[in-house]
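The sequence and structure come first.

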Amino acid sequence: MNEASILLTPGPLTTSDRTRAALDRDWGSRERNFMELTRNLRERLLAIVEGNDEYTCIPLQGSGTFAMEASLGSLIPPDGKLLIIVNGVYGRRMGKMCDRIGRPYQLYETPENVPPDPAAIAQILAAEGEITHVSMVHCETTSGMLNPLEAVAKVVAEAGCHLLVDAMSSFGIIPFSLAQIPIAALMASANKGLEGVPGLAFVICRRSLLVAGQAHSLALDLHDQWEVLERTGQWRYTPPTQVLAALMAALEQLDEEGGVKARYERYRRLCEILRQGMEELGFEPFLPPDLQAPAIVTFKLLDSPAFSFEEFYRCMGERGFVIYPGKLTDRPSFRIGCMGAIAPSDMHDAIAAAASALDDMGNPLS
Ligand SMILES: *Cc1c(COP(=O)(O)O)cnc(C)c1O
């Protein structure tokens, strides 16, 4: 991979020069200026989803998966029960976590191209009295599907349960507000739609869910992480200091772009250029446009013996674009992301690169 490659993947993503420049200094984790940075970041992240005083933002060292596991273990009591909505890898991963950390759960699974049905969820919650929490991936990066957050949140709240949302590939991309949608907790990370660098995740949750002594783990105990931050302004264990500084720079750029609405518009445009350009080259998107989130697009492999993903991947890489293998369970596929600090012209270049890659491969469809 050459240094200037554009990352069209599920993350980490292409970041701006300004965001990377913010990495270029050291911070003492117990210094006043770093405590101030942490406090500002927590407030700004909360403000993006209009969280009021009932909510708090808890930053956590690690990638998004760490925040997922921390949340399932910290926010669900050992005698609670989770209903996991599954239509892809990330939903399924929550089941694996519950197996490991000993939280009872049940799956509600739909095929990877089918969104969950809120009425079916309401029925399960009515029939299964022990369920206390429900979890769903907002944008399922496996397929690129945008799951129906508002409708699902409504039935979960009506059943008196708490909704936990994997908002990894929707936070900072899809505008939504905690003032309008009843969400108990959401998890996201610095390096997707916020366009920061990897190494930091965070959880935004109702304070009432934070109970001492409930977590399965010491390092992933969200209550303790929160309690120490609130009481001392400091992190429990070594924070990824430069990563926070880069995220703050990235959030300033999000504001300058015009906030989440403007970012959504840019990603939507990137997604449109991508889908349309690839369709013109003969590739078929896995999802119809109305189920597609502007985060990542899954394409079926070309139905030709002359096409191989490995070769296509290599040819795209030579031209400066990193694409990604597919993860669908029942058919071969690949993915191209439309997140990150990139412009529509970059996506047009990516489509031109795909056309010339196909030329190199002897035009498999001709
Ligand atoms: C990226 C992502 C995650 C977290 O993955 P990490 O590799 O741990 O950062 C979780 N859920 C979804 C939907 C994602 O897109």
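## Basis of the model

The model is predicted, so local features need pLDDT of at least 70 and side-chain atom pairs count only at pLDDT 80 or more, while totals for chains, interfaces and linings use all residues. Residues are numbered from 1 along each chain as its sequence is written, and side-chain values use heavy atoms, with hydrogens and water left out.

Helices (H or I, at least four residues) and strands (E, at least two) are DSSP runs numbered from the N terminus.

Two packed helices are described by the angle between their axes and the distance between the axes. Axes are lines fitted to C-alpha atoms, for helices over the stretch in contact, and angles run from 0 to 180 degrees between N-to-C directions.

The axes of α5 (residues 118-127) and α6 (residues 149-158) come within 9 Å and cross at roughly 20°. α5 is therefore roughly parallel to α6 (angles under 35 degrees count as roughly parallel, over 145 as roughly antiparallel, 65 to 115 as roughly perpendicular and the rest as oblique). P118, I121, A122 and L125 in α5 meet A151, V152, V155 and V156 in α6, where contact means heavy atoms within 4.5 Å. By class, this contact of α5 with α6 has eight nonpolar, no polar and no charged residues (Ala, Val, Leu, Ile, Met, Phe, Trp, Tyr, Cys and Pro count as nonpolar, Asp, Glu, Lys and Arg as charged, and the others, Gly among them, as polar).

Helix α2 (residues 32-48) and helix α7 (residues 222-232) have axes that come within 11 Å and cross at roughly 120°. That makes α2 oblique to α7, and the crossing is left-handed. On the α2 side, M35, T38 and R42 meet W226, L229, E230 and T232 of α7. The contact of α2 with α7 has three nonpolar, two polar and two charged residues.

For α9 (residues 259-280) and α11 (residues 344-360), the axes come within 9 Å and cross at roughly 15°. α9 is thus roughly parallel to α11, which α9 passes in a right-handed crossing. R269, L270, I273, L274, G277 and M278 of α9 make the contact with P344, M347, H348, I351 and A354 of α11. By class, the contact of α9 with α11 has eight nonpolar, two polar and one charged residues.

## Nonpolar cores

In soluble globular proteins, nonpolar side chains tend to be buried together. A nonpolar core is here a set of buried Ala, Val, Leu, Ile, Met, Phe, Trp, Tyr and Cys residues joined through side-chain atoms within 4.5 Å; buried means under 20% relative accessible area, exposed over 50% and partly exposed in between (1.4 Å probe, protein chains only).

The largest nonpolar core has 52 residues, of which L45, V134, L163, F171, I183, L186 and I204 touch the most other members. Helix α8 (residues 241-257) supplies the largest share of this core, eight residues. Apart from this core lies another, of 38 residues, with L13, L270, L274 and F299 among them. Leaving aside neighbours within four places in sequence, L163 is in contact with V134, L149, V152, A153, V156, P182, I183, A184 and A185.

## Two buried residues

V49 lies in the loop between α2 and β2 (55-61) and, at 2% relative accessibility, counts as buried. Beyond four places in sequence, V49 is in contact with F171, F176, S177, L178, A179, L186 and I204. V49 and I204 are 155 residues apart along the chain, and their C-alpha atoms are separated by 9.2 Å.

S135, in strand β5 (residues 133-137), is buried at 0% relative accessibility. Not counting residues up to four places away in sequence, S135 touches L82, L83, I84, I85, M94 and L164.

## Backbone geometry

Most residues other than glycine have a negative phi, and most peptide bonds are trans. G11 and P12 are joined by a cis peptide bond, with omega about -5°; P12 is in the loop between β1 (6-7) and α1 (17-21).

E195, in the loop between β9 (185-189) and β10 (200-206), has a positive phi near 65° and is buried, with a relative accessible area of 7%. N363, in the segment after α11, has a positive phi of about 50°. N363 is partly exposed, with a relative accessible area of 31%.

Methods
A crossing is left-handed if the near helix is turned anticlockwise from the far one by less than a right angle, and right-handed if clockwise.
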